[in-house]
Amino acid sequence: MSGRFSEQAMTEAMREVAGVLGVPSEDAQLLRLTNNAVFALPRSGIVIRIARTHRLRDRVAKIVRLARWFADIDAPTIRLAPGVEQPIEVGGLVASVWEYVPPGSPAPTVEDLGLVLREFHPLDVPPFPLPAWNPVDDARRRLADADGLRGNDRDFLVRWCDRLEPQIAALNQRAERSLIHGDAHVGNLLREQSGRTVMCDFDATCVGPWQVDLVAVAVAEERFARTGAHETLTTAYGCDVTSDPSWRLLREARELKMIVAAVPLLAASEEVTAEFDRRLHSVREDDHGTRWTPFADLTTPTKNATRRRLTY
């Protein structure tokens, strides 16, 4: 993204938010720069999270409402900064403000992910509307914003979305209605100073099949040739998602997400484009032997903040 959503623009917006809060911003650290620009202000003990597109404005309000409810029920989740009226709007952009959790040791693990999800999934569905799990809708939005996507690739991805959409709708209809995080991986865990592990990043939190939250680790193990993580998650959580009757559909939905995640970067990075092509070709050929390379391992011009976020 560039122009009004560039890193410079987001930094200026962060400073405006800090000004509204009456806190210094000289120590600000850019943590992430994807759909959201996320800045830590350690001295003030807060994190400022700014939506980088106007499409996400309503989502910020959802996240704030969810976070307040999570705090009320003591869910294993990060907390909003206390005493701050949220969301905060500056220059047409919308931000949320969170408590800062300093990097701790040991770092969260896959085992922690399984244990946190065991605590998270039994929570009641919130007493306010949440969207249904719909990875195809998210993929379509990314495709609509694509600049460097070739026409034949776009056509294939659109047809893939068309094929998955009714299957996902049917799964939502027959599955147990559960609260799901929507993007459950170790990168979205934090360890508080008390030792408690909590989840962050609720952009994708929704209602749907709880099995969705177990898929990311299993697919990463298969596609990135990693070993041990899925078994660890299965043991910690108590369920092997690859034995679920809906596993193939759940796997495809995750792979779609892992491929379209690169779409905003295609015009700017040859390495990301090459990896995107490898992934798309393997899906077209139903090839599960070709190993993918995590985008985080590729050098991109979007700096370390983005590389840390693109863990798949």
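User: How do H5 and H9 sit, and why call them oblique to each other?

Analyst: This is a predicted model. H5 and H9 are oblique to each other because their axes cross at roughly 50°, and angles from 65 to 115 would count as roughly perpendicular, under 35 as roughly parallel. The axes of H5 (residues 151-174) and H9 (residues 270-284) come within 12 Å.

User: Which hand is the crossing of H5 and H9?

Analyst: H5 passes H9 in a left-handed crossing.

User: Which residues make that contact?

Analyst: From H5, Asn 152, Asp 153, Phe 156, Leu 157 and Trp 160. From H9, Phe 276, Asp 277, Leu 280, Val 283 and Arg 284. Those residues divide into six nonpolar, one polar and three charged.

User: What else does Leu 157 touch, neighbours within four places aside?

Analyst: Leu 157 is in contact with Leu 143, Leu 149, Leu 256, Ile 259, Val 260, Phe 276 and Leu 280.

User: Switching to cores. How many residues are in the largest nonpolar one?

Analyst: That core has 78 residues. Trp 133, Leu 157, Leu 256 and Phe 276 have the most contacts inside it. Helix H8 (residues 247-260) gives the largest share, eight residues.

User: What about a second core?

Analyst: A separate core has 19 residues, including Ala 9, Met 10, Ala 13 and Phe 39.

User: Back to H8. At what angle does H6 pack with H8?

Analyst: About 75°, with the axes of H6 (residues 215-224) and H8 10 Å apart. H6 and H8 are therefore roughly perpendicular to each other.

User: What classes of residue are in the contact of H6 with H8?

Analyst: Eight nonpolar, no polar and five charged. Among them are Val 219 and Glu 222 of H6, and Leu 250 and Arg 254 of H8.

Key: Residues numbered from 1 in each chain as written. Predicted model: local features only at pLDDT ≥ 70, side-chain atom pairs only at ≥ 80, totals over all residues. Heavy atoms only, no water. Axes fitted to C-alpha atoms, helices over the stretch in contact; angles between N-to-C directions. Helix = DSSP H or I, 4+ residues; strand = E, 2+ residues; numbered from the N terminus. Parallel < 35°, antiparallel > 145°, perpendicular 65-115°, else oblique. Left-handed = near helix turned anticlockwise from the far one by under 90°. Contact = heavy atoms within 4.5 Å. Nonpolar A, V, L, I, M, F, W, Y, C, P; charged D, E, K, R; others polar. Core = buried A, V, L, I, M, F, W, Y, C linked by side-chain atoms within 4.5 Å. Buried < 20%, exposed > 50% of the residue type's maximum accessible area, 1.4 Å probe, protein only.
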